[in-house]
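Please keep the sequence and the model in view while reading.

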Amino acid sequence: MTDRLDYGAAEDRTMPAVTYALYFLAYATGVTVIIGLILAYVQRDSAGPKMRTHYAFLIRTFWMGIGWALIGAALFVVGIPLSLILIGFPMMFLAWAIWALLGVWYAIRLVVGVIYLARDEAYPRPDTWLA
């Protein structure tokens with residue numbers, strides 16, 4: 001018996017593809033990412049080693065995205081009352097910048113993940129911040 005993972009075997013890519021699609025649809029709906037997250041958590045343990053890396057990547061993408069979105073929201077909420085004395089405008093601008101960069105970061109991560117999935121490869125670095 002070996003502890004080595006067999007990345008050479010063919011695995012079903014349908015459910016990871018559906019999960020990626022749900023994450024992409026979140027740009028239009030905002031809520032399908034929650035369904036995708038649930039699907040990723042449910043499918044992760046029964047997936048093969050290649051697809052498990054995609055699920056880990058998708059789960060991490062969600063939680064990192066939520067963290068940065070909440071940071072942006074906190075800056076925006078604090079900036080609203082402070083805008084009465086003009087100091088809040090830079091905070092609100094920073095919040096918008098965080099959200100804009102978050103949208104680009106999210107799209108890049110998903111596109112890179114779909115590319116690896118289309119090649120039938122494991123995601124090489126599912127625990128990184130960048131793509």
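## An exposed loop residue

Leu 86 is exposed, with a relative accessible area of 61%; by the convention used here, buried means under 20% relative accessible area, exposed over 50%, and partly exposed in between, with a 1.4 Å probe and protein chains only. Leu 86 belongs to the loop between α3 and α4, where helices (H or I, at least four residues) and strands (E, at least two) are DSSP runs numbered from the N terminus. The phi angle of Leu 86 is near 70°, a positive value in a residue other than glycine.

## Basis of the model

The model is predicted: local features need pLDDT of at least 70 and side-chain atom pairs count only at pLDDT 80 or more, whereas totals for chains, interfaces and linings use all residues. Residues are numbered from 1 along each chain as its sequence is written, and side-chain values use heavy atoms, with hydrogens and water left out.

## Other positive phi angles

Asp 120 also has a positive phi, near 60°, in a residue other than glycine. Asp 120 lies in the segment after α4 and is partly exposed, with a relative accessible area of 24%. Gly 30, which follows α1, has a positive phi near 85°.

## Helix α1

Helix α1 has 16 residues and reaches 22 Å from its first C-alpha to its last, close to the 22 Å expected at 1.5 Å a residue; the expected span is 1.5 Å times one less than the number of residues. Its buried residues are Pro 16, Thr 19, Tyr 20, Leu 22, Tyr 23 and Ala 26. These buried residues pack against α2, α3 and α4, contact being defined as heavy atoms within 4.5 Å.

Leu 22, located in α1, is buried with a relative accessible area of 15%. Not counting residues up to four places away in sequence, Leu 22 touches Thr 32, Val 33, Ile 35, Gly 36 and Leu 39. Leu 22 and Ala 122 are 100 residues apart in sequence and 20 Å apart in space, C-alpha to C-alpha.

## Nonpolar cores

A nonpolar core is a set of buried Ala, Val, Leu, Ile, Met, Phe, Trp, Tyr and Cys residues joined through side-chain atoms within 4.5 Å. The largest such core has 21 residues, and Tyr 20, Tyr 23, Val 33, Tyr 106 and Leu 110 have the most contacts inside it. Two or more residues of this core come from each of α1 (14-29), α2 (32-44), α3 (49-82) and α4 (88-118). The largest share, seven residues, is that of α3.

Leaving aside neighbours within four places in sequence, Leu 110 is in contact with Tyr 20, Tyr 23, Phe 24 and Leu 58. A second, separate core of five residues includes Leu 75, Met 92, Ala 95 and Ile 98.

## The largest pocket

The largest pocket has a volume of about 320 Å³. On a 1 Å grid over the protein atoms alone, a pocket is an open set of points where a 1.4 Å probe fits, with protein on both sides within 12 Å along at least five of seven lines; lining residues have an atom within 4 Å of a point. Grid points are joined across faces, edges and corners, and the volume is the space filled by probe spheres set on the points.

Of the 13 lining residues, Ala 26, Val 33, Ile 66, Leu 102 and Tyr 106 are the closest to the pocket centre. At least two lining residues come from each of α1, α2, α3 and α4, and α3 gives the most, with five. The lining comprises nine nonpolar, four polar and no charged residues; Ala, Val, Leu, Ile, Met, Phe, Trp, Tyr, Cys and Pro count as nonpolar, Asp, Glu, Lys and Arg as charged, and the others, Gly among them, as polar.
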